[in-house]
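This briefing covers strand pairing, helix packing and model confidence. The sequence and structure come first.

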Amino acid sequence: MLKKRKWNYFGTVRNWTSVFEHSGQFITIHHFIKNDPLQELMGIPDRIHWSEFLDQSEYKEIILFIHGLEEQLKMKCMIPEQTFVDALKDPYNPLMNSPKHKLMLWFTGEEVTLLVEIFFNPQLFPPYGVKAPMNWPDISHKVEYETQSLFAALDYIVQPEVTSPDAMTIEESINPDTLQTSKLAIERIFKECTKVIVAYSGGKDSSVILQLCVEFVLEHSEYQDKLYIVSASTGVENPLIEKHIRAMQDVVTIKLDDLFEDGFDESRFVIVEPKSDQTYVTCVFGDGFIPPSPTFKWCVERLKVNPGREDLLERFSDEELVCQVLGLRTLESSNRSKSIQDHFGDDLYGIHVLRGLKTAPPIRHWSGADVATYLATKPSPWNEEYSNHRLINIYGMASGIMECPIGAMIQNDNDAIKSCSGSSARFGCWACTVVKEDHSLKNLVEAYPDELGSYYKMRGLLKGVQDIRYGGCTGYYRNHGGFSSGYGDLTIDVRINLLRYWWELNIPLPEVEVIEIIKKVKAREGPEGLAVSNRFWDMVYRFLPVHPGINHRAMYDPTWEPNYLRNEDNKKEKLVSVGVDRVTQRDLSWIANYRFVSQQIKAIDINDRVEIVLQNQIVRGEIIEVQIENGIPKVLKLQMAKRLVELPVTVIKQIKVTESHAHRVSLHQQMLDFSL
């Protein structure tokens, strides 16, 4: 049909998406043959006909093609709600014009469904990364034959099931030598290192590591102060595992605080999280990132690597010899085995990418059966409060899967990517679209349909969006305000669709992340040429406790809240805060005073007597303690007469020493000498 009308063929992408051009106008045809598209991703039908925005004279060739689909092939046309249509509806909004506009038309036949995308604005290059016209392919029908024997004996032979070498079976007991080897490794780690960090992901392997380390320090109390526990929450964790990790944090912290001689502070069991502007939902709905795939795993660094590394950098100094204890095992997978061998070789220790931090996998030689047997037969110190059998039951229902590593235990980005790859099922994010099918989540849904059913449904939609046949990609890359060839990022329309189901499936979306989505879209989409429909804002605002009102357009808009202002020399000057709450001279004066006061406090000794000027009063007393975080004084403890007062450094306007402790000691010594 197109070939006869002299359309140019620009090529086919991913076997089912073809690009054509005629007189400078591009169309893309995506096809579904003998498999139906997901209705949810086709969008909500709009009550409008394509003839309302296709002019007979200007778009003659496109109209003839559409007529051919409807009249010759008897296909039915459906126009979904989309920004292109919104832009043409009354009242007309010039801000809705965009060089990335495309009109999407769905055509449904008996065995074929097509999505036709029409790109109206003149483009310097064709969509979806194709380069130049090429010869039309030969699509003439060919008959091919395959010779087979009438009775294929192999079809009737049942192959015996092969048990995985890492099967999670529970045996009578674990091999004493296997257990002793790990215990000796843990003893060596605690003896040789200043601090020991257990990387706890909530899975079976890290649970064994945690229990072994705790059991060791309970038997050797001199090492109890060395133990720390770090876990992670990506924000899209499997809800059962998320709940399990939070429960373990509470139970273990309380139990160890009771059992350890000097207690166990809650700051020693932390759960790190990505920054609010780097979470999964802010990247998908705010930045328009296509959900992670085997070839584009943007999630690994943002959700796993960075949060763990930032925690390590913040809490542990270069002077300390720190070892991170990992629940890595060679039998988990071939990728994991190669990674362990490359990183550790035959040694106990490996070197982390951060400042020479040591890492060690004391159970690298364990099998899945060893892990399951240990957890089932060795009660943990918190067994009465939270038994290991809870975790074993989850694993049983999820069919003996492997676990995703947390960010803190990742050695390098390549290892992290491999850990989220392959055909093996794994415990990790419910929204993970890197694997083709999340078998663990699928199996758990059967046992927990109410708790996990909505997440599994949403995960299917996120996975579906990776398929460019749904028109979810813009068709062009954005490069700092310009355009280049490629698939591009997610359209506003597909984000609206996904947000609608996120809302209907009642999946939580924290308010802080909603605000980040708003900020990102307003900062990028308008300035870089992607029109944003009111339907998007209406959908996003559903997740806020209160609708921002009629002036919502000004909220977080870069026009009113820029990232920088112009100084007196007309140069860009980046600000700490912007908009109505932008930094003023008064703010800068306060910051300067705060830094000055902090430096003065660092020079003050404990037991010095001081005079402190606050906002509306002057207080005097003796310094008992200075609380310092990351080298910065935060709180002063002051003995005033008969009461102890805590003063945040931020409220102190001035401070001076009225009598130093050293001077008082000197006077006291002189008096003693005189009396003698």
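Strand 3 (residues 25–33) and strand 6 (residues 112–119) pair in the antiparallel sense over eight bridges. Two strands count as paired if DSSP finds at least two bridges between them; strands (E, at least two residues) and helices (H or I, at least four) are DSSP runs numbered from the N terminus. The model is predicted: local features need pLDDT of at least 70, side-chain atom pairs count only at pLDDT 80 or more, and totals for chains, interfaces and linings use all residues. Residues are numbered from 1 along each chain as its sequence is written, and side-chain values use heavy atoms, with hydrogens and water left out.

- His30 has Leu115 of strand 6 as its bridge partner.

- A second open sheet, of five strands, has the order 22-21-20-19-23 and antiparallel pairing.
- Its edge strands, strand 22 and strand 23 (654–659), each pair on one side only.
- The twist here averages 45° from one strand to the next.
- Strand 19 (residues 609–613) and strand 20 (residues 618–629) run antiparallel and are joined by five bridges, with Ile612 opposite Val619.
- Strand 21 (residues 632–640) pairs antiparallel with strand 22 (residues 643–648) over six bridges, and Gln639 stands opposite Leu644.
- The hairpin of strand 21 and strand 22 has two residues between the strands, and Ala641 takes a positive phi near 55° there.

**Helix packing**

- The axes of helix 5 (residues 204–219) and helix 10 (residues 368–377) come within 10 Å and cross at roughly 55°.
- Helix 5 and helix 10 are therefore oblique to each other; angles under 35 degrees count as roughly parallel, over 145 as roughly antiparallel, 65 to 115 as roughly perpendicular and the rest as oblique.
- The crossing of helix 5 and helix 10 is left-handed, meaning that the near helix is turned anticlockwise from the far one by less than a right angle.
- Residues in this contact include Lys204, Asp205 and Glu215 of helix 5 and Val371, Tyr374 and Leu375 of helix 10.
- Helix 14 (residues 449–465) and helix 15 (residues 492–504) pack at about 170° with axes 10 Å apart, which makes helix 14 roughly antiparallel to helix 15.
- Met458, Leu461, Leu462 and Val465 of helix 14 meet Val494, Leu498, Tyr501 and Trp502 of helix 15.

**Confidence**

- The chain averages a pLDDT of 82, and 78% of the residues score at least 70; pLDDT is the predictor's confidence in each residue, from 0 to 100.
- Residues 150–154 have pLDDT below 50 and zero contacts in the model beyond near neighbours in sequence.
- Residues 405–425 stay under 50 in pLDDT, and the model has 62 contacts for them beyond four places in sequence.
- Where pLDDT is low, the predicted coordinates should not be read in detail.

Methods: Axes are lines fitted to C-alpha atoms, for helices over the stretch in contact, and angles run from 0 to 180 degrees between N-to-C directions. Contact means heavy atoms within 4.5 Å.
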